[in-house]
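Subject: The structure, and what turned up in it

Hi,

Here is the structure I promised to pass on.

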Amino acid sequence: MFSYSQATPLQSVLVAAFLLLLGISLVALLRTPDRKYLFGLFLSAFIVRVIFVYVIDYYLISVGGDGFLFQDDREYSNAGSHIAASLLEGGEGYSLYSWHQNPGYFYFNGWLYSILGVDTLSSRMINALLSSFTAVLIFMISRILFEDRVAKIAAFLYAFMPSVVLLSA
């Protein structure tokens with residue numbers, strides 16, 4: 001029978017630190033005169049999301065919950081753990097879940113869980129990284145279509161919009 005371990009808090013901190021270094025490296029590779037602004041934007045957006053991840057997780061567990069804010073979170077994690085179990089048992093990673101949408105995120109969680117164990121904090125850290133880097137991409141695209149001032153406003157609004165921070169944490 002399949003067994004996996006729950007991740008430790010230290011593991012999620014190490015994943016967050018690794019992702020922060022990865023994100024900083026990606027921003028450093030950009031050849032643009034606005035690299036300082038993009039670096040500050042990415043760093044602050046990532047830090048806000050990571051703090052939010054830990055605060056939400058701590059709060060949900062302290063009130064007796066299971067660490068999931070939405071039912072979707074629970075479904076993604078359950079499907080991912082089933083896929084991880086299949087992968088670790090030598091299967092193809094197929095889960096018997098009936099998906100009503102694209103199963104890509106389920107498979108991503110399954111792959112991640114098969115490497116790190118069931119660790120919802122680490123998968124949330126990866127979401128935080130991708131969402132923070134999306135702010136950089138919004139700036140780059142907006143600068144091509146509009147002027148620098150519009151690009152900075154659009155990227156800033158995306159980076160710190162409460163609903164985006166909540167859903168990416």
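This is a predicted model: local features need pLDDT of at least 70, side-chain atom pairs count only at pLDDT 80 or more; totals for chains, interfaces and linings use all residues.

**Salt bridges**

Side chains of opposite charge can pair when their charged atoms come close. The structure holds three such salt bridges.

One of them joins Arg143 to Asp34, with 3.2 Å between the closest N and O atoms. These partners come from distant parts of the chain, 109 residues apart: Arg143 belongs to helix H5, while Asp34 sits in the loop between helix H1 (9-28) and H2. Arg143 has a relative accessibility of 24%, so it counts as partly exposed. Asp34, at 12%, counts as buried, because the limit for that class is under 20%.

Another salt bridge is formed by Asp57 and Arg124, whose closest N and O atoms are 3.7 Å apart. Asp57 is in helix H2 and Arg124 in helix H5, so this pair ties together parts that lie 67 residues apart in sequence. Both Asp57 and Arg124 are buried.

Glu147 and Arg149 also meet through their side chains in a salt bridge, at 3.5 Å from N to O. Here Glu147 is partly exposed at 44% relative accessibility, and Arg149 is exposed, with a relative accessible area of 56%.

**Aromatic rings**

A pair of aromatic rings is described by the distance of the centres and the angle of the planes. How many aromatic pairs does the structure hold? There are eight aromatic pairs.

Among them is the pair of Phe42 and Phe133, which is edge-to-face, with 6.5 Å from centre to centre and 75 degrees between the planes. This pair links distant parts of the chain, as Phe42 lies in helix H2 (residues 35-62) and Phe133 in helix H5 (residues 120-145), 91 residues apart.

Tyr76 and Phe106 make a tilted pair, because their ring centres are 5.2 Å apart and their planes stand at 50 degrees. Tyr76 comes from helix H3 (residues 71-88) and Phe106 from helix H4 (residues 104-116), 30 residues apart, and this pair also links distant parts of the chain. Phe106 counts as buried at 5% relative accessibility. Tyr76 and Phe106 also belong to a cluster, in which ring pairs link them with Tyr105, Phe108 and Trp111.

A charge meets a ring as well: the charged end of Lys152 sits over the ring of Tyr37, 5.2 Å from the ring's centre.

**The largest pocket**

The largest pocket holds about 350 Å³ of space. It is lined by 22 residues, and the closest to its centre are Asp73, Tyr105, Asn127, Leu167 and Ala169.

By type, the lining residues divide into 13 nonpolar, six polar and three charged.

Best wishes

Methods: Residues are numbered from 1 along each chain as its sequence is written. Side-chain values use heavy atoms; hydrogens and water are left out. Rings of Phe, Tyr and Trp (its six-membered ring) pair if their centres lie within 6.5 Å; planes under 30 degrees apart count as stacked, over 60 as edge-to-face and the rest as tilted. Helices (H or I, at least four residues) and strands (E, at least two) are DSSP runs, numbered from the N terminus. Buried means under 20% relative accessible area, exposed over 50%, partly exposed in between (1.4 Å probe, protein chains only). A charge sits over a ring if NZ of Lys or CZ of Arg is within 6 Å of the ring centre and within 35 degrees of the ring normal. On a 1 Å grid over the protein atoms alone, a cavity is a set of points where a 1.4 Å probe fits but cannot get out, and a pocket is an open set with protein on both sides within 12 Å along at least five of seven lines; lining residues have an atom within 4 Å of a point. Grid points are joined across faces, edges and corners, and a volume is the space filled by probe spheres set on the points. Ala, Val, Leu, Ile, Met, Phe, Trp, Tyr, Cys and Pro count as nonpolar, Asp, Glu, Lys and Arg as charged, and the others, Gly among them, as polar. A salt bridge is a side-chain nitrogen of Lys or Arg within 4 Å of a carboxyl oxygen of Asp or Glu.
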